[in-house]
Amino acid sequence: MSKEPLATRLAYLELGESEFALLRELATPLEAHADELVQAFYRHLLSFDVTRNLLRDPATKERLLGKQRVYLISLASTSVGVEREAQLRRIGEVHVEVGLEPQWYLGAYSLYFNLLTPLVMQTYEREPEKATRTLVALQKRLTLDAELAIDAYIERHEAQLAYMADELAREGRQLQADLRDQDETLRETTRRARVAEELASIATLVAGLAHEIGTPMGVIQGHAKLLESKVSDDDARWRLTTIQEQIGRISRIIQTLLNMARPGSKAHRPVALRPLIEQTLSFVSEKLERRAITLHAEFADAPSVAGDAERLQQLFLNLFLNAADAMPDGGDLTVVLAPDPAGVRVEVSDTGIGIAPEDLARIFEPFYTTKDAGQGNGLGLMVSHGIVADHGGAIDVESDVGEGTRFRIVLPTSPPPSATARGN
């Protein structure tokens with residue numbers, strides 16, 4: 001019987017460097033718990049007559065337990081070359097020699113997975129997504145080992161080839177189904193984590209909103225009462241202007257909250273960033289001119305990104321307005337659009353007042369602002385950060401006090417899994 005090349009098996013199982021990296025991290029917990037795992041494996045074998053009879057000889061028992069310990073620890077190794085393949089095939093040959101049918105050692109790989117699952121969940125109890133990815137990698141590794149071992153068995157049993165092919169196909173289908181289930185679990189874990197983050201952000205917003213609304217509402221109420229006894233037209237007009245300003249402040253805060261809290265039900269579609277950025281810049285052109293700010297647009301050919309055009313425009317508008325506010329006495333605003341290895345890169349740089357180091361780490365926090373009272377509510381950059389995250393991108397910032405600030409955004413050209421799911 002011809003054997004599939006090892007590289008083909010690895011490609012078919014999608015067992016690559018990212019999976020091996022996860023398995024390498026299991027080296028320490030595997031070493032620490034190897035003996036108890038082997039003992040649990042041994043106790044399970046004693047439950048069946050066939051395997052119990054094989055373990056009557058003390059020397060056979062010790063040899064088996066020693067090999068099981070070595071094997072469990074080797075799961076954290078990235079060595080899957082010719083030597084490793086030969087060792088695994090030898091396992092299948094040994095089972096033929098002692099008379100064990102395939103279901104026993106195929107069952108052993110399933111038992112390994114069952115024994116290791118609690119260990120992985122305990123190791124990454126605070127990282128459910130990583131635990132899921134590690135379990136998927138572990139199952140792929142066990143599947144590879146099982147395939148290599150069973151090859152040797154099939155070669156020794158030419159007469160039973162049809163039976164073994166059926167068995168292998170059934171086990172393969174089950175393993176693939178398990179992998180699909182694990183992948184679905186991973187997606188669900190990621191979705192739940194995102195929902196938890198959004199809920200936490202909304203809770204923070206609500207707490208801050210209660211404080212933000214209190215002051216303007218008090219002002220509105222006080223002036224409204226005073227207007228009842230005032231008859232001076234100029235005075236009444238001034239108080240009405242004050243009321244309108246406070247109402248506007250409340251409206252802006254509430255609108256921002258609604259933008260953050262609304263469910264992401266829109267599908268991500270291809271968005272050409274150049275015309276979107278040019279249109280957004282036209283919205284602020286009057287403000288830039290009024291403040292003597294010179295615009296430098298450096299646009300290279302870049303692919304479309306997968307996203308929500310309305311929210312992306314909100315992202316860029318927030319950054320352009322912040323840049324303008326940072327240059328009250330004029331300056332230069334530079335907007336760069338260029339392709340990037342991770343998708344598309346947009347940079348927004350100003351020559352304004354800059355951000356102090358102690359403030360830089362907090363600019364994406366809700367209600368944190370360095371602007372004067374009444375000039376900002378501290379939500380714009382938090383909203384921008386959320387929009388970039390929802391598009392599967394990344395945003396970072398560099399700033400020097402007195403020299404300016406640069407925001408760098410990288411957006412992927414394909415939608416994140418959660419956005420794909422919403423669009424179907």
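## P412 and its loop

P412 sits in the loop that joins β7 (404–411) to α15 (417–423). The model is predicted. P412 is buried, because its relative accessible area is 16% and the cut-off for buried is under 20%.

Beyond its neighbours within four places in sequence, P412 touches V305, A306, A342, G343, H391, G392 and G393.

## I395 in strand β6

Strand β6 spans residues 394–400 and contains I395. Is I395 buried or exposed? I395 counts as buried, at 15% relative accessibility.

Setting aside neighbours within four places in sequence, I395 contacts F364, H385, V388, F407, R408 and I409. I409 lies 14 residues from I395 along the chain. The C-alpha atoms of I395 and I409 are separated by 4.5 Å.

## The chain as a whole

The chain has 424 residues, and 41% of them are buried. It holds 15 helices and seven strands.

Helix α1 covers residues 6–13. Its buried residues are L6, R9, L10 and L13. Viewed down the axis of α1, these buried residues fall within an arc of 95°, so they line one face of the helix.

The face of α1 turned away from the buried side carries exposed residues. They are A7, A11 and Y12.

Most residues other than glycine have a negative phi. E14 has a positive phi of about 55°, although it is not a glycine. E14 follows α1 and lies in the loop between α1 and α2 (17–24). E14 is exposed, with a relative accessible area of 57%.

A292 also has a positive phi, of about 60°, and is not a glycine. A292 is in the loop between α11 (273–290) and β2 (293–299). Its relative accessible area is 53%, so A292 is exposed, given the cut-off of over 50%.

## Helix α3 against helix α5

Helix α3 (residues 27–45) packs with helix α5 (residues 58–74) at an angle of about 135°. The axes are 9 Å apart. That angle makes α3 oblique to α5. The crossing of α3 past α5 is right-handed. On the α3 side, the contact is made by L30, E31, A34, D35, L37, V38, Q39, F41, Y42 and L45. On the α5 side, it is made by K61, L64, L65, Q68, R69, L72 and I73.

Y42 lies in α3 and is buried, with a relative accessible area of 13%. Which residues does Y42 contact, leaving aside neighbours within four places in sequence? They are L55, K61 and L65. Y42 and L65 are 23 residues apart in sequence, and their C-alpha atoms are 7.4 Å apart.

## Helix α11 against helix α12

α11 packs with helix α12 (residues 309–325) at an angle of about 35°. The axes of α11 and α12 are 9 Å apart. α11 passes α12 in a right-handed crossing.

The α11 residues at this contact are L273, L276, I277, Q279, T280, L281, F283, V284, K287 and L288. They meet A309, L312, Q313, F316, L317, F320, L321, A324 and D325 in α12.

Terms used
Residues numbered from 1 in each chain as written. Predicted model: local features only at pLDDT ≥ 70, side-chain atom pairs only at ≥ 80, totals over all residues. Heavy atoms only, no water. Buried < 20%, exposed > 50% of the residue type's maximum accessible area, 1.4 Å probe, protein only. Helix = DSSP H or I, 4+ residues; strand = E, 2+ residues; numbered from the N terminus. Arc of directions from axis to C-beta. Axes fitted to C-alpha atoms, helices over the stretch in contact; angles between N-to-C directions. Parallel < 35°, antiparallel > 145°, perpendicular 65-115°, else oblique. Left-handed = near helix turned anticlockwise from the far one by under 90°. Contact = heavy atoms within 4.5 Å.
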